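Look at the sequence and the fold shown here before reading on. The text then goes through the parts step by step.

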Amino acid sequence: MAEWNAYYQNEDEEGEQEEGEQSGGDYKITGRDSLVFLVDASKEMFIKGEDGEPSNFDMTMQVVRTVYTSKIISSDRDLVALVFYGTEQSKNPRNSFKHVYVYHDLNEPGAKRVQEVDALWGGKGAKLAAETIGSGETSLGDALWCCANLYSDIKLRLSHKRLMIFTCRDEPHGGDSVKDRQARTKASDLKETGVVIDLMHLMKPGGFNISLFFCDIVSPPEDESEMGLQLQPSDKLEDLQKRVRAKELKKRTLARLNLCLGEGINVAVGIYATAVAARKPGSIKLYRETNEPVRSKTRTFHTQTGSLLLPSEIKKAQYYGGKEIVMERDEVDAIKKFDDPGLFLIGFKPMEKLKLLHHIRPAVFLYPEEDEVKGSSCLFSALLKKCSERNVFALCRFISRRNYPPRFVALLPQNEELGEGKVQITPPGFNVIYLPFADDLRTLDPPQFPSASQTQVDKMKEIVSKLRFKYRSEGFENPVIQQHFRNLEALALDMMAPEEIEDLIMPKVDQIDQRLGPLVQEFKDLVYPAYYNPESKPAAKRKTADTGGGAEKKPKVELTEDELKAHVQNGTLAKLTVPVLKDACKQFGVRTTGTKKQELIDALIARLGS
């Protein structure tokens, strides 16, 4: 029975592989991510900014909506909740806590929730929020206790639990030591159960002092790559969205492997994908009557008896030398296996040996896994430091999964970079560059063209310098995918029309013309001959027989009356082609009612035979 369950594992809901599980090598079984937004609903949150800027509450609702929509697109199985504290009204399970309003419990995001968050934004949203939740006393300890109950009521397996607090008050209890102590105690209990508490503090008059209260509430950074506690409050929507995005995205490893530096010296590392191409989600087959997803099941039957086959009864065969070689499944796996998954250090090479042409596929990122092997971070950091100092890269043999062929890779060192507010922009680690094999490189014979003069080259350099700009990959969105999701959003939210998108990959012709000015015409005068229009299409030239093309057009054949009469008498008119017969009819004024060959022959016989 165990063999059946192992082979047909995909048929049970519990047996489905959760998002984020690894498909090969050593991995940790994970579940769904969960995120709770704990938002301050005090009167200070609704104060408008200067010059008509949105209030802190409006910015928070926009961020919540952004996370909802991104979850729906990228990971709709994750759980999200929205809870307000410091409210006048109370709404929570069993109504155990006053001044805590659970607007959304922990559940999968959907279109209805997005619409409900949209209703809380703007002037009408502030009015609706005042009528629905209001502003009252604050007890952050009760709010944290309510969030703990939300987590405890979930029966699903949760891999990552995160709680984000949005507030502009650095002393939510106004100096009440009892409430402060209760909040610290409950925050400590939450952190012991694996809940990560983050503070998204917002701008307030006089500045936000974290050390007064929240420094004891939030969780410490999970690792060196975490942004940690921000010292400066967010006063702009873009800044707040960036911070929330950096926190709510859980970094998932593609694989956890060992980097072998020598005999008995192994470093545990994780492989991360730094950039993944966005694609349209695959279509889902639905049952016509109930509109529920249709699941497929695969069974293998005996062709003669029709009995269901066990996995052990299925074998593979290959013909060699006219004989059928039958192999067991384990034997096929053993043939495919080269070695265990991992990285094996071969040596070091100067950085000059790594060429641009060696980049044949997107690189991945290497980072130590201290939880797997103690001391990995220290040894990894030492290796990274020495490679950077000596300007070398590590050459390794890389096997990413079981039964995967080996590849040669270059470990390119990358040092940490910090931006404003000590926020990490670039993490420290190694970029894994896949190196080509010898047969991946080809020698091309470029076609020979006339060389440009130095004057033409200098003029083109001026044009290139005028059109230079700082390229950022995130600045160009895929218009097809953006339009696809806008259409889905309009359909789900009952919008009259989808939101218009700007195609950022289209060239800005007006701006280009303004930058270049007369340089384009000057370049045309230098390169193209007079009266040449590069936009006009040249006329197609007919190929002649001398150039090896099609045969030259045959000249028109004209027959005299005597020749035609001779053909009529000999009965050889059928040997003439239809165009020749048509020309003969026109030449001698023979009227025909048809264009078929026999009709033309009959008309000529009637005319010339009489």
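The model is a predicted one.

Five strands form it in the order 3-2-1-4-5, with mixed pairing. Strand 3 (100–107) and strand 5 (195–201) stand at the edges and have a single partner strand each, so one side of each lacks a neighbour in the sheet. From one strand to the next, the twist averages 15°.

Helix 5 (residues 140–152) packs on it and touches strand 1, strand 2, strand 3, strand 4 and strand 5; the direction of helix 5 makes about 25° with that of strand 3. Helix 6 (residues 177–192) also packs on the sheet, touching strand 4 and strand 5, and its direction makes about 130° with that of strand 5.

Now take strand 1 (residues 32–40). How many of its nine residues are buried? Nine of the nine are, so strand 1 is largely enclosed by the rest of the structure. Buried here stands for under 20% relative accessible area. In a regular strand, side chains alternate between the two faces of the sheet. In strand 1 both faces are covered: R32, S34, V36, L38 and D40 are buried on one side, and D33, L35, F37 and V39 on the other.

Strand 1 has partners in the sheet. With strand 4 (residues 158–167) it pairs in the parallel sense over eight bridges, and V36 stands opposite L163 of strand 4. With strand 2 (residues 79–85) strand 1 pairs in the parallel sense over seven bridges. In strand 2, L38 has V83 as its bridge partner, and V39 has F84. Strand 1, helix 2 (residues 56–74) and strand 2 together make a right-handed β-α-β unit.

Seven strands close into it in the order 6-7-11-16-13-12-10, and the pairing is mixed. On average, neighbouring strands of this sheet are turned by 40° against each other, direction ignored. Strand 6 (residues 255–262) and strand 10 (residues 342–350) run parallel and are joined by two bridges. The bridge partner of C260 in strand 10 is F344.

Helix 15 (residues 578–587) and helix 16 (residues 597–608) pack at an angle of about 35°, with axes 10 Å apart. Helix 15 contributes V578, L581, K582, A584 and C585 to the contact, and helix 16 contributes K597, L600, I601 and L604. By class, this contact has seven nonpolar, no polar and two charged residues.

How values were computed: Residues are numbered from 1 along each chain as its sequence is written. This is a predicted model: local features need pLDDT of at least 70, side-chain atom pairs count only at pLDDT 80 or more; totals for chains, interfaces and linings use all residues. Side-chain values use heavy atoms; hydrogens and water are left out. Two strands pair if DSSP finds at least two bridges between them. Helices (H or I, at least four residues) and strands (E, at least two) are DSSP runs, numbered from the N terminus. Axes are lines fitted to C-alpha atoms, for helices over the stretch in contact, and angles run from 0 to 180 degrees between N-to-C directions. Contact means heavy atoms within 4.5 Å. Ala, Val, Leu, Ile, Met, Phe, Trp, Tyr, Cys and Pro count as nonpolar, Asp, Glu, Lys and Arg as charged, and the others, Gly among them, as polar. Buried means under 20% relative accessible area, exposed over 50%, partly exposed in between (1.4 Å probe, protein chains only). A crossover is right-handed if, with the strands pointing away from the viewer, the path from the first strand over the helix to the second runs clockwise.
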